[in-house]
Amino acid sequence: WTEWSGCPVTCGGGADDKTSIRRRVVERYPSGDGDPCSGSTQEARPCRLEPCPQTIDCRFGPWGTYSACTASCGGGQKSRSRIVEQVAEHGGRPCDRSVTMMVAACNVQECPTEAVDCEFGAWSDWQDCSAACGGGEQ
């Protein structure tokens, strides 16, 4: 017999395709009235039978707050990001790293095209005086 082959898996073995094998060759074929070899030229045995660890999928943390807008008018951008809280393990589903940042439009209103002067509103009514005599404020 040859030496046992290496196991094709690191855990969860035992199925037909997850076995270690060994082989032997016929060294002398029968002649005359000699009996043929009996038995198989290959043996298989289960290997790495311990269960595999549970798969763990990647998991993102919550989205952060948006950054300040890059423009006060005329259209700008704001962004926010999130981090990977759990990396994939043991064959779990990996994170799509392209979704760690989100960009959104902001302050899309048009910018004023002409100068605009400051303008006050109308005066409010006078309020009651803060003192009945001796001076106060109104």
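Where is the place of G136 in this predicted model? The legends below begin with that residue.

**Close-up 1. G136 in the segment after strand β6.** G136 is placed in the segment that follows β6 (101–106). Its relative accessibility is 43%, and G136 therefore counts as partly exposed. When residues up to four places away in sequence are left aside, G136 touches C129, S130 and A131. R22 lies 109 Å from G136 in space, C-alpha to C-alpha, and the two residues are 114 residues apart in sequence.

**Close-up 2. T19 in strand β1.** T19 belongs to strand β1, which comprises residues 19–23. Because the relative accessibility of T19 is 17%, and buried means under 20%, this residue counts as buried. Leaving aside residues up to four places away in sequence, T19 touches P8 and G14, and also A44, R45, P46 and C47.

**Close-up 3. The salt bridge between E43 and R22.** The structure contains two salt bridges, and one of them joins E43 to R22. The closest N and O atoms of this pair are 2.7 Å apart. With a relative accessible area of 31%, E43 is partly exposed.

**Close-up 4. The salt bridge between R59 and E85.** R59 forms a salt bridge with E85, and the closest N and O atoms are 3.8 Å apart. Since R59 lies in strand β3 (residues 59–60) and E85 in strand β5 (residues 84–86), the pair ties together parts that are 26 residues apart in sequence. R59 has a relative accessible area of 45% and is partly exposed. E85 is likewise partly exposed, with a relative accessible area of 47%.

**Close-up 5. Charged side chains over the rings of Y66 and F60.** The charged end of K78 is positioned over the ring of Y66, at 4.5 Å from the ring centre. In the case of F60, the charged end of R82 sits over the ring, 4.1 Å from its centre. Aromatic pairs, by contrast, number zero in a search of the whole structure.

Conventions. Residues are numbered from 1 along each chain as its sequence is written. This is a predicted model: local features need pLDDT of at least 70, side-chain atom pairs count only at pLDDT 80 or more; totals for chains, interfaces and linings use all residues. Side-chain values use heavy atoms; hydrogens and water are left out. Helices (H or I, at least four residues) and strands (E, at least two) are DSSP runs, numbered from the N terminus. Buried means under 20% relative accessible area, exposed over 50%, partly exposed in between (1.4 Å probe, protein chains only). Contact means heavy atoms within 4.5 Å. A salt bridge is a side-chain nitrogen of Lys or Arg within 4 Å of a carboxyl oxygen of Asp or Glu. Rings of Phe, Tyr and Trp (its six-membered ring) pair if their centres lie within 6.5 Å; planes under 30 degrees apart count as stacked, over 60 as edge-to-face and the rest as tilted. A charge sits over a ring if NZ of Lys or CZ of Arg is within 6 Å of the ring centre and within 35 degrees of the ring normal.
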